[in-house]
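The following paragraphs are meant to be read alongside the sequence and the three-dimensional view. Please keep both at hand.

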Amino acid sequence: MDLITTTSDLAAACSRLAQHKVITVDTEFLRETTYYPLLCVVQMASADEAVVIDTLAPGIDLKPFFELMGNEAVLKVFHAARQDIEIVWHQSGTIPHPIFDTQVAAMVLGYGDSIAYDQLVERVTGHRPDKTHRFTDWSRRPLTPEQMHYAVSDVTHLRDVFAALDADLKKRSRSDWVSEEMEVLTSPRTYDFHPERAWERLKTRVRKPKELAVLMEVAAWREQEAQSRDVPRSRVLKDDAVGDIATHAPTSLERLASLRSLPKGFDRSKWGTDIIAAVQRGLARDPHTLPKIEKPRGNSNGAATVELLKVLLRMTSERHAVASKVIATVDDLDQIAADDQADVPALHGWRRELFGEAAIALKHGRLALAIEKGRVVRVDRA
């Protein structure tokens, strides 16, 4: 186990690791008080060695690490890779590729929805990882021997987990299923945080084009403010306040002050006038240029259809030992209930073969669900 604190040592380690077809990777970071994650430690392992990189060491240049992440000849294995990839993308403009995410593979193999790393290690290897330093402050220096041991164990156990899951995927002919998910995880669009698209991540429901236009402008303003100050979005404005502003569209500081979702005195801050300006920009937008607002389902039986689809999904998940979350989401089911041609993952590729075709058949009465000996079964109808 080596602690790397210099660029030359990092380059040498990355050169050695690049000789292997597979390496395991993990990161330790902080983001509670910042918009962008603060990368504190990177740990990697091959079949021969494990290294820990002090990314906060004075003068260290992480370029060799970023180049390794983009090396197409080396498969990078992560667990729950999205945040790790986001960090590399933000700091270098590089998307790690190719990758293998053991959390996704575990879902495809029936280990449940979004299984935690320590639980997966225990189930696959029988080893119970030490969780003592899970919430440690990784920005403090020097790193302790205990922190080093924790960091290394993350990637050394990951080698065994990967080997077991990869073998099981090949045995069940499901490797391609995971490969499809990895292409989504390694798409730059997945990590595209342009302010103008910030509204898409909000769960706020808007009913009128005017409300949507204001939501888009206020969400974009908040995103720009959070990025420029490097603070969490909620430090600028909480989600419920953004939704409240979109609904009421205050065009004066007095009306802004009347919104109960805003902290007292917020209207008198420098942000108050910024929000009013964002509201006014939203109200001035041409409604014809806005995305279409999804209308409530007209089918009075829509809710019942979704409930039946949920039963079919659970039955399919149990029968094929695949986590339901990776087959279809509740939103997928809502859209399938309303439209046979819905553009959702559940109606494409292996998911359609596994579940989508049966979902359409259930909607149109070509398939029924029944209970036999206490279990839900499908009944094909002529």
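What does the accessible surface of the chain come to, and what percentage of it belongs to carbon and sulfur atoms? The accessible surface is about 20,200 Å², and 50% of that area belongs to carbon and sulfur atoms; accessible areas come from the Shrake-Rupley method with a 1.4 Å probe, and for residues only the protein chains shown count as cover. The model is predicted: local features need pLDDT of at least 70, side-chain atom pairs count only at pLDDT 80 or more, and totals for chains, interfaces and linings use all residues. Residues are numbered from 1 along each chain as its sequence is written, and side-chain values use heavy atoms, with hydrogens and water left out.

Taken along the principal axes, the box filled by the C-alpha atoms of the chain is roughly 65 × 60 × 35 Å. The chain contains 16 helices and eight strands; these are DSSP runs, with helices being H or I over at least four residues and strands being E over at least two, numbered from the N terminus. Of its 382 residues, 47% count as buried, where buried means under 20% relative accessible area, exposed means over 50%, and partly exposed lies in between (1.4 Å probe, protein chains only). Contacts are heavy atoms within 4.5 Å. Among contacts between residues at least 6 apart in sequence, 62% join residues at least 24 apart. The chain carries 52 positive and 56 negative charges, whose mean positions are 6 Å apart. In this count Lys and Arg are positive and Asp and Glu negative, while His and the chain ends are not counted; each charge is placed at NZ of Lys, CZ of Arg, CG of Asp or CD of Glu.

Just after α5, Gly126 has a positive phi of about 85 degrees.

In the loop between α5 and α6 lies Pro142, and the peptide bond from Arg141 to Pro142 is cis, with omega near 5 degrees. Another cis peptide bond joins His97 and Pro98, with omega about -5 degrees; Pro98 is placed in the loop between α3 (82-92) and β6 (99-101). Positive phi values also occur in residues other than glycine. Ser173, in the loop between α6 and α7, has a phi near 55 degrees, and at 60% relative accessibility Ser173 counts as exposed. Asp230 lies in the loop between α8 and α9 (233-236) and has a phi near 50 degrees. With a relative accessible area of 29%, Asp230 is partly exposed.

Is Arg351 buried or exposed? Arg351 counts as buried, because its relative accessibility is 6%. Its place is in helix α16 (residues 349-363), and, leaving aside neighbours within four places in sequence, Arg351 is in contact with Glu180, Glu181, Val326, Ile327, Pro345, Ala346 and Gly356. Arg201, by contrast, is partly exposed, at a relative accessible area of 37%, and is placed in the loop between α7 and α8 (209-229). Apart from neighbours within four places in sequence, Arg201 is in contact with Asp192, Phe193, Glu223 and Arg233. Arg201 and Ser187 are 14 residues apart in sequence and 17 Å apart in space, C-alpha to C-alpha.

Helix α7 (residues 175-185) includes Ser179, which is partly exposed at 39% relative accessibility.

The cysteines complete the picture. The structure holds zero disulfides, a disulfide being a pair of cysteine sulfur atoms within 2.5 Å. For Cys14, the nearest cysteine sulfur is that of Cys40, 18 Å away. Likewise, the cysteine sulfur nearest to that of Cys40 belongs to Cys14. Cys14 counts as buried at 5% relative accessibility, and Cys40 counts as buried at 0%.
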